[in-house]
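Hi,

Here is the structure I promised to pass on.

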Amino acid sequence: SYLSVCALRLHSWAARPRLHKAHDGECKLAPVIIVPPKKIHNVTGAQVYLSCEVKAVPTPIITWRKVTESPKGVKLLEELPGDRVNMAVQVRGGPSKHESTGWVLINPLTKEDEGVYQCHANNMVGEAHADGNIKVTEQSKSKKTDFLASDSVF
């Protein structure tokens, strides 16, 4: 996309092969994951979140899925938040034009939340996805007890 026909012509003179105008308006672009979800390692009871930034024209729609595997090895995608009371999903536009940012917030984190989470983006041109991973370690009860005992001795 160019801001004007003049800008297109300017770039066309230097380009090999020559550029030409395909149509008026912005170019249609399939979603591209700009910032994929990360790998997270935390303890049970913690609050964690995964985020994902996507750019596309028209602006993409982001959904989140948890990736699991059936006993026969078939990949299953669970739409989030689903029925999970410890999970929230939010999507907003930005930070730039034609970008969307999505989050999955998990609080409190449980051992069942461990696994692969997929940020999925789509628009009328195409789709893209990227995976993040959450590893959960059981918080030891002795550490909780020690903390509470030391906190209450004043």
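First, the ground rules. This is a predicted model, so local features need pLDDT of at least 70 and side-chain atom pairs count only at pLDDT 80 or more, while totals for chains, interfaces and linings use all residues. Residues are numbered from 1 along each chain as its sequence is written, and side-chain values use heavy atoms, with hydrogens and water left out.

**The two sheets**

Strands here are DSSP runs (E, at least two residues; helices would be H or I, at least four), numbered from the N terminus. Two of them pair if DSSP finds at least two bridges between them.

The β4–β5 hairpin has 5 residues between the strands, and Gly73 takes a positive phi near 85° in it.

The other open sheet has 4 strands, ordered β1-β3-β7-β6, with antiparallel pairing. Its edges are β1 (29–35) and β6, each with a single partner strand, so one side of each is left without a neighbour in the sheet. The twist averages 20° from one strand to the next. Between β1 and β3 there are 4 bridges, and Leu29 pairs with Val57 in β3. Between β6 and β7 there are 7 bridges, with Ala88 standing opposite Leu105 in β7.

**The disulfide**

How many disulfides does a search of the whole structure find? It finds 1, where a disulfide is a pair of cysteine sulfur atoms within 2.5 Å. Cys52 is joined to Cys119, with S to S at 2.2 Å. The pair links distant parts of the chain, as Cys52 is in strand β3 and Cys119 in strand β8, 67 residues apart. The torsion about the S-S bond is about -80°, so the disulfide is left-handed. Cys52 counts as buried at 1% relative accessibility, and Cys119 counts as buried at 0%. Buried means under 20% relative accessible area, exposed over 50%, and partly exposed in between (1.4 Å probe, protein chains only).

**The core**

Cys119 turns up again in the largest nonpolar core: of its 20 residues, Ile33, Val54, Trp64, Ile106, Tyr117, Cys119 and Ile134 touch the most other members. Such a core is a set of buried Ala, Val, Leu, Ile, Met, Phe, Trp, Tyr and Cys residues joined through side-chain atoms within 4.5 Å. The elements giving two or more residues to this core are β3 (48–57), β4 (61–69), β7 (99–106), β8 (115–122) and β9 (127–137). Leaving aside neighbours within four places in sequence, Tyr117 is in contact (heavy atoms within 4.5 Å) with residues including Leu50, Leu80, Met87, Ile106 and Ile134.

**Around the β6–β7 loop**

The β6–β7 hairpin has 5 residues between its strands, and Gly94 takes a positive phi near 100° there. A cis peptide bond joins Gly94 and Pro95, with omega about 20°. His98, in the loop between β6 and β7, has a positive phi of about 65° although it is not a glycine. His98 is buried, at 16% relative accessible area.

Which backbone oxygen does the side chain of Thr101 reach? It is that of Gly94, at 2.8 Å; a polar contact is a pair of N or O atoms within 3.5 Å, where within protein one must be able to donate a hydrogen and the other to accept it, and residues adjacent in sequence count only if both atoms are side-chain atoms. Thr101 belongs to strand β7 and is buried, with a relative accessible area of 5%.

Cheers

Terms used: Axes are lines fitted to C-alpha atoms, for helices over the stretch in contact, and angles run from 0 to 180 degrees between N-to-C directions.
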